[in-house]
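Subject: Structure handover

Hello,

Please load it before reading on.

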Amino acid sequence: MNKWIAIGLAVLSTSTMAFTDQAEVVSFKKVLKTQIYQTPYEECRSEEVPIYSQQSNDSYTDEIFGGILGGVIGNQLGSGRGNKAMTVAGAALGASIASDNSRANSKSVVGYRQINRCETKYKQEIRESLDYYLVTAKYNNREFTFNSNTLPGSTVQVTVSPSH
């Protein structure tokens, strides 16, 4: 039992023997952090857009002619009971082709107008700033390193405690 008390007292006495002293700063290095900042800006350009005429072709002459021509061709291709079906199919197809062609040709460019098209883009800027100082100090012929938020002087304060 006395042995444990002696050990306890020895541990307590060595931990209370801690003191502060000064260690020599051997070197320090700035450690930087890099951050990317994005600034939005708008880029606009002017474009010419065609203006189409609003012609309305109320005549169905092309469709009628296409239907007749398609019906004649269908009648020539069909035979027997399929002759009527081919005639009707040819007429419908001919009228449809003529209608599509008539609509495609009815639009014509009559002028141009200016419009602005804008797009949001981002300018990137890389900035470096101080994160911390990596300090190397020497105490009792032993070097050690630590991080510091402030610029160290020629010495730093250290807490020294005896070790076993």
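Below are the notes on the model, from the overall picture down to single residues.

**Ground rules**

This is a predicted model: local features need pLDDT of at least 70, side-chain atom pairs count only at pLDDT 80 or more, and totals for chains, interfaces and linings use all residues. Residues are numbered from 1 along each chain as its sequence is written, and side-chain values use heavy atoms, with hydrogens and water left out.

**Confidence**

pLDDT is the predictor's confidence in each residue, from 0 to 100. Its mean over the protein chain is 79. Of the residues, 68% reach 70 or more. Helix α1 (residues 2–15) has the lowest confidence, with a mean of 50. Strand β3 has the highest, at 94.

**Fold**

The protein chain has three helices and four strands. Both are DSSP runs, numbered from the N terminus: helices are H or I with at least four residues, strands are E with at least two. From the N terminus on, the order is α-β-α-α-β-β-β.

Contact means heavy atoms within 4.5 Å. Among contacts in the protein chain with a separation of 6 or more, 80% are between residues 24 or more positions apart.

Of the 164 residues, 17% count as buried. The cut-offs are under 20% relative accessible area for buried, over 50% for exposed, and partly exposed in between (1.4 Å probe, protein chains only).

**Strand pairing**

Two strands pair if DSSP finds at least two bridges between them.

- β1 and β2 run antiparallel, joined by 28 bridges. Tyr 41 has Lys 121 in β2 as its bridge partner.
- β1 and β4 are also antiparallel, with six bridges. The partner of Ala 23 in β4 is Val 156.
- β2 and β3 pair in the antiparallel sense over seven bridges. Here Ala 137 stands opposite Phe 144 in β3.

Strand β4 (residues 155–160) has two faces. Val 156, Val 158 and Val 160 make up the covered one. Thr 155, Gln 157 and Thr 159 make up the uncovered one.

**The β2–β3 turn**

β2 and β3 form a hairpin with two residues between them.

Asn 140 has a relative accessible area of 64%, so it is exposed. Asn 141 is exposed at 70%. Asn 140 and Ala 23 are 117 residues apart in sequence, yet their C-alpha atoms are 8.1 Å apart in space.

**Aromatic rings**

A pair of aromatic rings is described by the distance of the centres and the angle of the planes. Rings of Phe, Tyr and Trp (its six-membered ring) pair if their centres lie within 6.5 Å; planes under 30 degrees apart count as stacked, over 60 as edge-to-face and the rest as tilted. By this rule there are two aromatic pairs.

Why is the pair of Phe 28 and Tyr 133 edge-to-face? Because the planes stand at 75°, with the centres 5.9 Å apart. This pair links distant parts of the chain, 105 residues apart: Phe 28 is in strand β1 (residues 19–52), Tyr 133 in strand β2 (residues 109–139). Phe 28 is partly exposed, at 42% relative accessible area. Tyr 133 is buried, at 8%.

Phe 144 and Phe 146 form a stacked pair, 6.1 Å centre to centre with 25° between the planes. Phe 144 is partly exposed at 30%. Phe 146 is partly exposed at 27%.

There is also a charge over a ring: NZ of Lys or CZ of Arg within 6 Å of the ring centre and within 35 degrees of the ring normal. The charged end of Arg 127 sits over the ring of Tyr 37, 4.0 Å from its centre.

**Ser 148**

Ser 148 lies in strand β3 (residues 142–148). Buried or exposed? Ser 148 is buried, with a relative accessible area of 12%. Not counting residues up to four places away in sequence, Ser 148 touches Tyr 132, Tyr 133 and Val 135. The Ser 148 side chain reaches the backbone oxygen of Thr 150 at 2.7 Å.

Best regards

Conventions
A polar contact is a pair of N or O atoms within 3.5 Å; within protein, one must be able to donate a hydrogen and the other to accept it, and residues adjacent in sequence count only if both atoms are side-chain atoms.
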